[in-house]
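Let's walk through this one together, starting with the overall build and ending in the core. Have a look first.

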Amino acid sequence: MTTDNATVATSDKPRASRTSLRAYVMIGVLGLIWLYFHWATGYVFLTPRNLSNLMTQMTVTGIIAVGMLMVIVSGNIDLSVGSVLGFAGGIAAFGMASMGFGLATAIIAAISVAVAVSVFQGALTAYLNIPAFIVTLGGLLAWRGAVKWLLAGNTVPVSDETFKYIGQGNLPAWIGWAIAASAVIFVIIGAVRKTRSVKEYGLGEANYAGALLRSIIPVAAILAFIGVMNAWQGVPFPVLLLLAAALLGAFLTNSTVFGRYLYAIGGNADAARLSGINNKRNIVKVYALLGALTGVASLIFTARVGSAAPDAGVLKELDAIAACVIGGASLMGGRGTIFGACLGALIMASLDNGMSLLNVRDFMQDIIKGSILVAAVGLDMAGRRET
Amino acid sequence: MPLLEMRDIVKEFPGVRALDGVSFALESGEFHALVGENGAGKSTLMKVLSGVYSAGTFDGEILVEGRSREFHSIRDSEAAGIAIIFQELSLVKELTVGENIFLGKEPSRFGIINWSELYHRATKVLKDLHLPIDPRVPVGSLGIGQQQLVEIAKALSQDARILVLDEPTAALTESEVDVLFGILAKLKAQGVGLIYISHKLDEVFSMADRITVLRDGKSVATHLASETDKDRVIAAMVGRKVGDIFPEATHQRGDVAVSVKGLTVYSQDVPDKKLVDNVTFAVRKGEVLGIAGLMGAGRSEMLMAIFAAWPGKYSREIEIEGRRVEIDSPRDAINGGIGFVTEDRKRFGLILDQTILDNITLAGLRRLSGGLITNRSRENAAASRPIKSLRIKALSPLTITGTLSGGNQQKVVLGKWLLTDPKVLFLDEPTRGIDVGAKQEIYAQINKLASEGLAIVLVSSELPEVLGLSDRVIVLHEGRMTGEFGREEATPERVMAAATAS
């Protein structure tokens with residue numbers, strides 16, 4: 001109704017401004033949280049050492065959130081990831097301790113188990129039409145039971161130093177800078193190619209100067225990030241894994257047919273099916289992806305702690321879901337971004353880290369985090385209603 | 001003194017003036033039709049009247065029986081005796097008919113519902129309307145037409161003096177329409193004022209006392225129905241004189257594009273029941289084949305089964321351009337060159353909160369991407385062709401589809417299928433619920449596509465539409481083919497006779 005008299009144009013203003021506004025607000029909120037903690041902790045929070053810690057702390061939740069976001073976009077959910085994380089990590093540690101697994105075998109076993117479990121649950125959802133909530137609620141219980149059985153209630157330590165590097169290692173400074181250099185080149189090439197294709201398909205003039213200008217902020221962010229990490233002990237290895245997972249997720253959701261299908265299935269499953277999309281197969285695929293990412297996260301978790309315990313990963317599913325939701329994903333499906341989910345995970349990790357530095361009591365931390373989750377979604381809804 | 005008067009209503013949304021000084025009056029016992037193209041402001045006006053848009057968010061005045069009123073919610077307007085039946089049903093399918101009728105107004109004491117009282121009163125309401133509906137059955141078990149009648153019963157149980165009906169007959173069969181009109185005539189006699197929004201001008205002229213035409217948020221004309229005619233109303237709606245709605249077109253027919261043999265479709269719920277029984281037909285390139293039939297004749301089921309999207313059992317043989325093809329999924333059908341504009345665009349056709357671009361490229365995404373990785377610029381370039389040729393009116397391809405008018409939404413669905421480069425296009429009720437102007441544009445597109453050599457199969461409940469566009473018409477009655485007519489032989493009488501198997 002609002003557009004009856006307008007003509008066709010090819011600007012991409014409406015959507016771009018809406019999502020980026022949300023992103024700016026979230027970055028602003030994160031900035032305020034950081035400044036507050038920096039002040040309240042007596043200028044400890046924003047030091048290279050603590051930021052390096054903070055980044056490492058968010059890796060497990062962040063990597064799972066990347067997979068969870070894609071599952072949520074497709075209109076599904078996975079409540080079992082915390083238990084699956086515990087089970088997969090348990091297999092790696094137990095395998096190395098009691099079954100003579102080498103490093104590679106342990107890594108492959110953990111990831112394969114997580115993928116197999118996830119595919120199985122995804123298939124129950126997609127092909128037997130059992131709601132994902134129910135399937136994975138069952139999984140939450142069953143896989144927790146499995147890890148207790150596997151470890152016989154004990155904590156199994158990890159002795160392999162290489163394995164521990166997955167969670168505790170840092171990259172040498174020169175590798176950090178090499179990553180920064182290739183990322184900068186990647187950003188600039190991407191911007192130039194996008195500009196060129198605009199012209200190629202007759203959608204407007206190629207504005208290379210503008211493309212370079214728009215690359216300044218990401219380039220500055222990359223250099224600042226690597227600089228800060230190198231100012232302490234170098235880029236933590238698990239952070240590298242998180243970055244890889246986030247890039248993979250962003251690529252899948254933004255630039256692949258598979259990603260677009262996920263948004264379509266979550267937005268209107270009937271319309272997607274009638275447009276020739278195989279909803280069931282794509283749902284199994286997205287669960288497989290979440291499984292693989294959960295497997296990677298289980299390795300980081302186990303390596304960081306240095307052991308596998310029966311309660312490893314308890315409540316991780318809720319951290320991951322909360323990160324997605326704070327990042328603007330809709331549990332009804334069809335909406336959400338990887339960038340938002342990662343920012344959500346960073347906000348959650350910042351709260352954890354800052355409150356721990358301030359010696360906020362454990363129960364109080366939970367209450368505050370829960371309230372912030374509900375408030376964030378409440379504000380989002382209020383903002384949405386106005387438009 | 002009029003029963004209802006709305007004076008100089010102005011309602012603005014960011015960047016657009018949806019209502020621009022509309023005045024409207026309703027006498028008691030009057031049947032007042034409100035017509036206009038989609039986007040003309042009819043629904044907005046009714047939302048102002050019902051308090052969905054709270055007093056204060058618009059300018060102007062609402063008077064009920066001469067008294068100025070301010071409504072801040074639907075509850076307020078209901079208390080003033082205004083009941084609105086919106087286009088989308090607002091019944092809870094899991095609850096019974098009686099529970100729905102008294103939803104929010106259950107006869108109760110200390111919060112405990114008096115069930116016998118509730119069903120007693122529900123029975124009475126239904127009986128007063130001569131509706132043979134059991135108040136104890138769940139609403140979801142009724143047909144869509146009966147649900148509509150329950151909705152009306154619900155409105156009347158509140159002793160409404162002003163009843164607004166928004167496209168109430170869109171889903172009704174003819175006999176149900178008769179029941180509805182009988183009820184409305186009775187209400188009229190009792191002094192209830194009726195505001196009736198419809199695109200079906202035949203209905204409007206058969207019932208209305210007065211007709212008000214809205215266009216672009218203004219009331220452009222109010223006439224006594226007896227002093228105007230259809231052509232003048234249409235001219236006022238579209239703001240221009242319309243000639244023949246169906247442009248005369250002769251199509252050059254080519255080779256057979258698709259042939260369907262032995263199509264049999266079984267019911268999903270009753271496995272042995274045949275909804276479509278051994279139907280065989282073929283369409284040539286450049287030909288428009290119309291499929292006529294009454295509700296329940298099996299037309300939509302037939303298309304769903306050809307497209308491999310029917311949830312129950314079915315069997316058929318399909319040849320495309322003379323070659324036998326196995327179609328076991330919608331993807332197979334698309335790859336084989338079949339496009340399928342489904343009925344009910346909101347449910348089956350579109351992802352309403354995604355952009356035009358996302359929707360229009362969805363079915364052809366693999367082809368447009370040339371692999372597994374998408375290319376936005378290439379999609380944009382491809383999408384701009386149907387957006388231009390179908391004249392989809394929107395600020396940009398990134399406009400959210402749900403904000404478009406019905407006609408433009410339907411064009412997006414059509415565009416989606418054109419981007420799959422089909423050899424044959426199946427259209428199921430392509431103009432349902434869209435305004436006259438948009439209908440005409442869709443008709444012109446159908447003719448244009450046929451003249452470009454596309455084979456088209458058109459299913460529609462509107463007989464003039466089928467007869468006006470088709471080169472050939474086949475008629476179904478209870479799943480069997482009961483007639484086939486060329487353009488010249490297809491008269492409304494013959495087709496109707498075949499459709500009722502008389």
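**Overall build of chain A**

Chain A has 387 residues, for which a compact globule would have a radius of gyration near 21 Å, and its 22 Å agrees with that (taken over C-alpha atoms; the globule rule is 2.2 Å times the number of residues to the power 0.38). This is a predicted model, where local features need pLDDT of at least 70, side-chain atom pairs count only at pLDDT 80 or more, and totals for chains, interfaces and linings use all residues. Residues are numbered from 1 along each chain as its sequence is written, while chains are lettered from A and ligands numbered from 1 in the order in which they are written.

Along the principal axes, the C-alpha atoms of chain A fill a box of roughly 70 × 55 × 40 Å. Chain A has 15 helices and 2 strands (DSSP runs numbered from the N terminus: H or I, at least four residues, for helices; E, at least two, for strands).

Now for the partner. The contact takes 36 residues from chain A and 46 residues from chain B (two residues are in contact if their C-beta atoms, placed from the backbone, lie within 7 Å). On the side of chain A that touches chain B, the largest share, 6 residues, comes from helix 10 of chain A.

And the inside? The largest nonpolar core has 178 residues, and A:Ala65 is among those with the most contacts inside it (such a core is a set of buried Ala, Val, Leu, Ile, Met, Phe, Trp, Tyr and Cys residues joined through C-beta atoms within 7 Å; buried means 20 or more other C-beta atoms within 10 Å of a residue's own, with C-beta atoms placed from the backbone). Leaving aside neighbours within four places in sequence, A:Ala65 is in contact with residues including A:Ala320, A:Cys324 and A:Ala341.

Note on methods
A residue is buried if 20 or more other C-beta atoms lie within 10 Å of its own, exposed if 12 or fewer, and partly exposed in between; C-beta atoms are placed from the backbone.
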